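Welcome! Here are some exercises to work through with the structure open beside you, each followed by a worked solution.

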Amino acid sequence: MTERVAALPSGIDLCFETFGDDGDPTVLLVMGVGGPMGWWDTDFCRMLADRGYRVVRYDNRDTGRSTKLEGFEVTRVDLVRAWLGLGKAPYGLDDLADDALGLLDHLGVDRAHVVGVSMGGMIGQTMAIAHPERVASLVSMSSTTGRRRVGYQHPSVLKPFLANVPLDRDAYVTRTIRGSALIGSPGFPTTEDVHRTRAEETYDRGWIRGGSLRHTLAVLTQPDRTRDLGDLTMPVAVVHGLRDPLVDKSGGRATAAAIPGAELLELAGMGHDLPAPLWRTFVDVVARTAARAGDPPRT
């Protein structure tokens, strides 16, 4: 397992890793706001690879070791204006979807099984709408359609997540541990040591405050995809935690309702994270959705 860099024609460089055999069907893992590829745990990636898939995880632009667009500053005023439907974003979900497709081009992959969580689910949906021939199947997790009336945030998380993020390492780690506990799965709690290790790795691999803000702005300015989702014909599964405070379960339900034939899996006790006790469940969902597209798991 070695980090590599894909230099895309757009000028964006994406850092990525692969697991499994190159000849196996590709599963592309797409992370959410501010999340580098390490938020897809290495052991989870290996579990997927053991089922017979070539697994690709990567740093979105503005995270990890991928390109940072630090010339585009975002303030809290910009976020409020975007929430009100005003203003523009430096880039949108369509640009992030183009990044993912560019990575597949770099790898010589014509079609992939796309798995996205939170903003990553929105990116996956955008990929499937714009280029359905490139998406063999889609698993959208803890995500929503872009319609403002669904997938909203619980008031308890708004103030902490709008607060200024500290720039020094120790303060960032402390804040991240608190935030992770706030949105995590009450039925499958993750230890503070795990949260701390992940936060330290995130910071050390190139975290910047502006990157998370630009991701958030891309989410706030996203279009309502409900109508376009109705045209999807590839196998789709929607996974959502019933205790998700950051993207309400109504977002997952609306996504599944919009897509003909979509499977909806709602998990009691799950919040807005990927807890280890549920990895086997997630792998099974990815495998059976890929099997519907003609790529069954290895037995």
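On a 1 Å grid over the protein atoms alone, a pocket is an open set of points where a 1.4 Å probe fits, with protein on both sides within 12 Å along at least five of seven lines, and its lining residues have an atom within 4 Å of a point. This is a predicted model, in which local features need pLDDT of at least 70 and side-chain atom pairs count only at pLDDT 80 or more, while totals for chains, interfaces and linings use all residues. Residues are numbered from 1 along each chain as its sequence is written, and side-chain values use heavy atoms, leaving out hydrogens and water.

**Exercise 1. Describe the lining of the second largest pocket.**

Step 1: list the lining, which consists of Glu3, Glu17, Met37, Gly38, Asp41, Thr42, Arg57, Val194, Thr197, Arg198, Glu201 and Arg205.

Step 2: sort these residues. Asp, Glu, Lys and Arg count as charged; Ala, Val, Leu, Ile, Met, Phe, Trp, Tyr, Cys and Pro as nonpolar; the others, Gly among them, as polar. The lining then divides into seven charged, three polar and two nonpolar residues.

Step 3: find the main contributor. Helix 7 (residues 192-204) gives the most, with four residues; helices here are DSSP runs of H or I with at least four residues, strands are E runs of at least two, and both are numbered from the N terminus.

**Exercise 2. Is Ser143 buried or exposed, and what does Ser143 touch?**

Step 1: locate Ser143 in the loop between strand 6 (135-141) and helix 5 (155-162).

Step 2: apply the cut-offs. Buried means under 20% relative accessible area and exposed over 50%, with partly exposed in between (1.4 Å probe, protein chains only). Ser143 has 2% relative accessibility, so Ser143 counts as buried.

Step 3: look for contacts, meaning heavy atoms within 4.5 Å. Leaving aside neighbours within four places in sequence, the partners of Ser143 include Ser118, Gln125, His240 and Thr255.
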